[in-house]
Amino acid sequence: MDIDALKTARASSWSRLHELARSSSLSGPEIDELARLYRAGTADLASIRSATPDPDLIRVLSRDLATARARLTGTSGTSAYSIARWFRAELPAALYSIRWWSITVMLLFILVAAVHAWWLFADPVRFSALGTPIELENYAKSDFVQYYHQDTNAEFGASVWVNNAFIAVQCVGAGITGLYPAYVLFNNAAMLGQVAAIVIQFGGIWHFFRFILPHGLPELTAIFIAGAAGVRVFWALLVPGAQTRMQAVAQAGRTMVTVALGLVILLFISGILEGFVTPSDLPDWLRIGLGLLVTIGVWVYTFVVGGRAVRAGYSGDLTEDAGYSTPVAG
């Protein structure tokens, strides 16, 4: 590495980092700029220390980076701006990083559910093993509907939210095993296929979709993303890339915590839909439309807002807000 060329190329950025790190007050955009300069500066420092150690430059850059880290740590927490930045940049960037994993999980989930339903339809013996015709018809026309009317709307929605959020967090938290997310997703897909087969057989296809789609669209989307987040951590263990295996897993794990927090919010919205909209007397087109609107919003947020956040330098890694890695002089 030509240290003089690096100094010339990065001088303006380091100067700006020094200026912002020591500024008495920073606006929102300036905080974003400082965060970007901090990330770039830590990369520069690592390159200098590993390739061409320059004690004087290392000392100056380390000092500015430490000051910047303190500023970023001090302006994070529960301030309105840090919360807004989390929704505007960190969360969408984390979702964007697993977008193709999420879509793959979604397609596989739908495939398993459809194949399981077809497997039951294809053989009357297998279908009859689920129960007597009277029992199955009673489930399709009564129990399936009454499920959404148990307790009060608020109590039912809250219980569904807690249950689904727990499943999602388990998928993310146990993702490093590689097996648990696959197990949860497969079981849920098979169960959905079985319910679909019973309800469609005895109540009709529209009877099934009119009760599933209003809340099921955003709810299943959250489960797809949770499964993808878990698998992503496992993949980092298998294929760490340029990082060490532990670094790759740690970074993926921190980013997936961001995803898990976002899923809790999405599942809360799904719980509201399941508790108040699905069992309501609203027209079918409106109930389904509300669920579809939330789901479209999730994917637009992921691809459009997330893509913009990634291009701005965010990744959803928790250390971006906390300034976790402190540069030190060698």
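Trainee: Hi! Let's start with T221. Where is its place?
Mentor: T221 belongs to helix 10, which covers residues 205–238. Keep in mind that we are looking at a predicted model.

Trainee: Okay, and is T221 buried or exposed?
Mentor: T221 has a relative accessible area of 3%. Buried means under 20%, so T221 counts as buried.

Trainee: Which residues does T221 touch, then?
Mentor: Leaving out residues up to four places away in sequence, T221 touches G216, T295, V298 and W299.

Trainee: Let's go to the surface. Which residues form the nonpolar patch there?
Mentor: The patch is formed by I83, F87, I265, F268, I269, I272 and F276. Together they have about 580 Å² of accessible area.

Trainee: Which helix gives the most to that patch?
Mentor: That would be helix 11, with 5 residues. Helix 4 (80–97) and helix 11 (245–277) each supply at least two.

Trainee: What about F276, where does that one lie?
Mentor: F276 lies in helix 11. Its relative accessibility is 43%, and so F276 counts as partly exposed.

Trainee: New topic: rings! How many aromatic pairs are there in the whole structure?
Mentor: A search turns up 12 aromatic pairs. Take W86 and F87: their ring centres are 5.0 Å apart and their planes stand at 85°, so this pair is edge-to-face.

Trainee: And are those two buried or partly exposed?
Mentor: One of each! W86 is buried at 14% relative accessible area, while F87 is partly exposed at 36%. You have already met F87 as a member of the nonpolar patch.

Trainee: How do W100 and F303 pair up?
Mentor: W100 and F303 are edge-to-face, with 5.6 Å from centre to centre and 70° between the planes. W100 sits in helix 5 (residues 99–121) and F303 in helix 12 (residues 284–311), so their pair ties together parts that are 203 residues apart in sequence.

Trainee: Is W100 buried or exposed?
Mentor: W100 counts as exposed, at 51% relative accessibility. F303 is partly exposed, with 29%.

Trainee: Which residues do ring pairs link into a cluster?
Mentor: Y139, F144, F208, F209 and F211 are linked that way.

Trainee: Last one: what lies over the face of F211?
Mentor: R287 does, at 5.7 Å from the ring centre. Elsewhere, R99 lies over the face of Y96, and there the distance to the ring centre is 3.8 Å.

Terms used. Residues are numbered from 1 along each chain as its sequence is written. This is a predicted model: local features need pLDDT of at least 70, side-chain atom pairs count only at pLDDT 80 or more; totals for chains, interfaces and linings use all residues. Side-chain values use heavy atoms; hydrogens and water are left out. Helices (H or I, at least four residues) and strands (E, at least two) are DSSP runs, numbered from the N terminus. Buried means under 20% relative accessible area, exposed over 50%, partly exposed in between (1.4 Å probe, protein chains only). Contact means heavy atoms within 4.5 Å. Patches are made of residues with over 30% relative accessible area and no salt bridge: like charges are joined within 9 Å, nonpolar side chains (Val, Leu, Ile, Met, Phe, Trp, Tyr) within 5 Å. Accessible areas come from the Shrake-Rupley method with a 1.4 Å probe; for residues, only the protein chains shown count as cover. A salt bridge is a side-chain nitrogen of Lys or Arg within 4 Å of a carboxyl oxygen of Asp or Glu. Rings of Phe, Tyr and Trp (its six-membered ring) pair if their centres lie within 6.5 Å; planes under 30 degrees apart count as stacked, over 60 as edge-to-face and the rest as tilted. A charge sits over a ring if NZ of Lys or CZ of Arg is within 6 Å of the ring centre and within 35 degrees of the ring normal.
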